[in-house]
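Subject: A structure for you to explore

Hello,

Here is the structure I promised to pass on to you. Please open it next to this email and follow along as you read.

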Amino acid sequence: MGYQVGNVYVIAAVAVVGGSLFGFDISSMSAIISTNAYLCYFNQGPLYWDKDQICSGPSASVQGGITASMPGGSWLGALISGYVSDIMGRKQAIQVGSVIWVIGSIIVCASQNIGMLVAGRFINGLSVGILSAQVPVYITEIAPPSKRGRLVGCQQWAITWGILIMFYISYGSSFMNGTGAFRVPWGLQMIPAIFLFAAMLFLPESPRWLAKKDRWEDAVGVLALVHGKGDVNSPFVAKEMAEIREVVEFERANADVTYMELFKPKMINRTHIGVFTQIWSQLTGMNVMMYYITYVFTMAGLSSNVLLPSSIQFIINVVMTVPALLYVDRWGRRPTLLVGAFLMMTWLFINAALFAHYSVKPRPKQFPSAAESMSITGAPAKAVIACTYLFVASFAPTWGPVSWIYPPELYPLRVRGKAVALSTSANWAFNFALAYFVPPAFANIRWQVYIIFGVFCVAMFLHVLFLFPETSQKPLEEVEEIFDDTTPGSIKYIGTPAWKTHVDTRTRRIERGEMDSEEKFHRHDSHEEHHPPAAGADFPRAEVTNKEVPAAN
């Protein structure tokens with residue numbers, strides 16, 4: 001109804017504004033926790049401005065709780081997002097998330113004490129949980145296979161832009177006197193959510209969700225609008241519609257999906273892959289570099305002007321995400337994750353060695369926070385800063401975007417909303433734990449924090465190598481074949497061994513018209529000859545007529 005945008009790049013650019021909200025939160029906290037206005041307003045001692053000319057701010061454990069309240073809310077938001085998305089649609093679920101963000105930001109901006117700040121950040125987290133789970137689902141279901149990775153990866157790019165923009169807003173606000181130093185940036189973060197709500201009114205709904213709700217004409221209309229330049233007779237639209245119809249008709253025979261469906265033998269492997277993709281993205285240690293980067297750089301001798309050097313890593317994060325957006329569909333998911341894990345492991349172990357060998361215990365009152373538990377100077381300090389930048393440059397084009405791209409590709413339509421919600425909730429559960437863990441960890445176990453995250457990177461490298469299959473450029477309906485454990489050479493409950501899967505370039509050829517869609521159908525039918533449907537099942541092909549099809553609401 002009314003005007004709708006059909007350019008898939010514009011659709012993705014609007015939807016991923018939801019990702020920028022998470023980025024806004026990261027840097028509005030990381031840039032503000034070291035400012036005098038924040039430290040003194042939420043001060044818990046033992047240092048006070050009147051007698052010490054410095055404020056301690058919240059204790060290490062309380063600061064961890066303040067930071068962790070947002071991912072705590074995101075964990076709950078991600079879990080409920082599957083229900084919201086399946087009932088209301090992907091589009092309206094994103095709009096609900098934007099409204100919740102505005103409510104949370106008002107409370108945060110008006111915070112009078114730590115309790116009010118925690119409550120507002122928890123509500124913000126509900127929004128981020130919904131958006132971070134459902135924006136990738138929405139883009140995955142509307143994007144053509146050959147561009148899917150690039151477009152879903154824009155979610156991570158939007159996060160990096162949100163981090164960068166809010167960091168400089170917070171940096172500029174830090175020169176303000178009084179509580180305006182943190183209230184202004186916390187108030188301004190409402191603006192992108194308001195834009196997101198309004199802009200989503202002009203975007204189409206997911207064609208796969210529409211088909212699931214028996215709105216077939218609307219589904220064809222969206223596919224034609226986005227993939228066929230308005231031509232409902234486009235061969236690619238016909239191919240997509242046939243595969244969607246086949247899947248929907250098959251899933252119609254199943255009862256309503258619950259989360260328990262994800263833990264049945266036929267689904268448990270891909271559930272564990274999606275969940276661990278998000279868990280490992282948190283256990284890379286990126287939280288150390290984002291939420292608490294000012295702690296690390298203060299310990300490295302930059303306490304007098306820590307914000308500007310910290311901002312360099314956010315610029316690196318934005319710039320280094322671009323190669324992934326351009327090439328991740330050609331590189332594939334597996335090689336990108338493996339290279340990222342190896343490089344991050346290297347920089348973490350080097351930083352651990354530098355702090356272990358060259359750092360000393362800080363002098364009394366040298367640093368305001370107990371989490372700033374080491375002091376390192378000279379060339380080793382410069383090496384710590386360099387390895388920190390290199391770590392971010394390794395995460396940005398690898399685990400950063402792929403952790404959002406990969407999970408939605410793994411699941412069949414009937415469980416996708418809830419499955420991605422579950423995997424994203426795992427992200428936020430570990431984000432919560434790490435946000436709370438890092439300040440006390442730096443205070444108590446010091447440089448060994450880097451060893452812990454380095455070992456995690458070793459574990460994720462091995463996990464990806466042996467169990468994460470390649471999904472790049474495969475239509476979502478064809479990913480099912482990877483997990484079919486009845487094919488020759490497959491492993492029971494796992495399917496095709498991960499190391500035998502590769503990037504599929506045939507779909508890109510179909511989209512360009514280099515391969516006739518009938519050839520594609522022939523290949524699909526050949527597969528069905530080896531794996532016939534259950535007796536009595538009827539999977540009709542889509543029939544696209546010449547009649548006009550109305551746009552989706």
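Helix α21, which covers residues 413-444, is where you will find F442. Keep in mind as you look that this is a predicted model. Is F442 buried or exposed? Its relative accessible area is 0%, and buried means under 20%, so F442 counts as buried. Now pick out V296 as well: F442 and V296 are 146 residues apart in sequence, yet their C-alpha atoms are 9.4 Å apart in space.

Among contacts between residues at least 6 apart in sequence, 80% join residues at least 24 apart. Of the 553 residues in the protein chain, 61% are buried. The chain exposes about 20,700 Å², and carbon and sulfur atoms supply 65% of that area.

What is the chain built from, in terms of helices and strands? The secondary structure comes to 25 helices and 0 strands.

Two packed helices are described by the angle between their axes and the distance between the axes. For α5 (residues 60-88) and α7 (residues 114-142), the angle is about 35° and the axes are 5 Å apart. The crossing of α5 and α7 is right-handed. Sorted by class, the residues in the contact of α5 with α7 are 13 nonpolar, 12 polar and 1 charged.

Next, have a look at the aromatic rings. A pair of them is described by the distance of the centres and the angle of the planes. The count comes to 17 aromatic pairs. One of them joins F167 and Y168, with 6.2 Å from centre to centre and 85° between the planes, an edge-to-face arrangement.

Enjoy exploring, and write back with any questions!

Best wishes

Notes:
Residues are numbered from 1 along each chain as its sequence is written. This is a predicted model: local features need pLDDT of at least 70, side-chain atom pairs count only at pLDDT 80 or more; totals for chains, interfaces and linings use all residues. Side-chain values use heavy atoms; hydrogens and water are left out. Axes are lines fitted to C-alpha atoms, for helices over the stretch in contact, and angles run from 0 to 180 degrees between N-to-C directions. Helices (H or I, at least four residues) and strands (E, at least two) are DSSP runs, numbered from the N terminus. A crossing is left-handed if the near helix is turned anticlockwise from the far one by less than a right angle, and right-handed if clockwise. Ala, Val, Leu, Ile, Met, Phe, Trp, Tyr, Cys and Pro count as nonpolar, Asp, Glu, Lys and Arg as charged, and the others, Gly among them, as polar. Buried means under 20% relative accessible area, exposed over 50%, partly exposed in between (1.4 Å probe, protein chains only). Contact means heavy atoms within 4.5 Å. Accessible areas come from the Shrake-Rupley method with a 1.4 Å probe; for residues, only the protein chains shown count as cover. Rings of Phe, Tyr and Trp (its six-membered ring) pair if their centres lie within 6.5 Å; planes under 30 degrees apart count as stacked, over 60 as edge-to-face and the rest as tilted.
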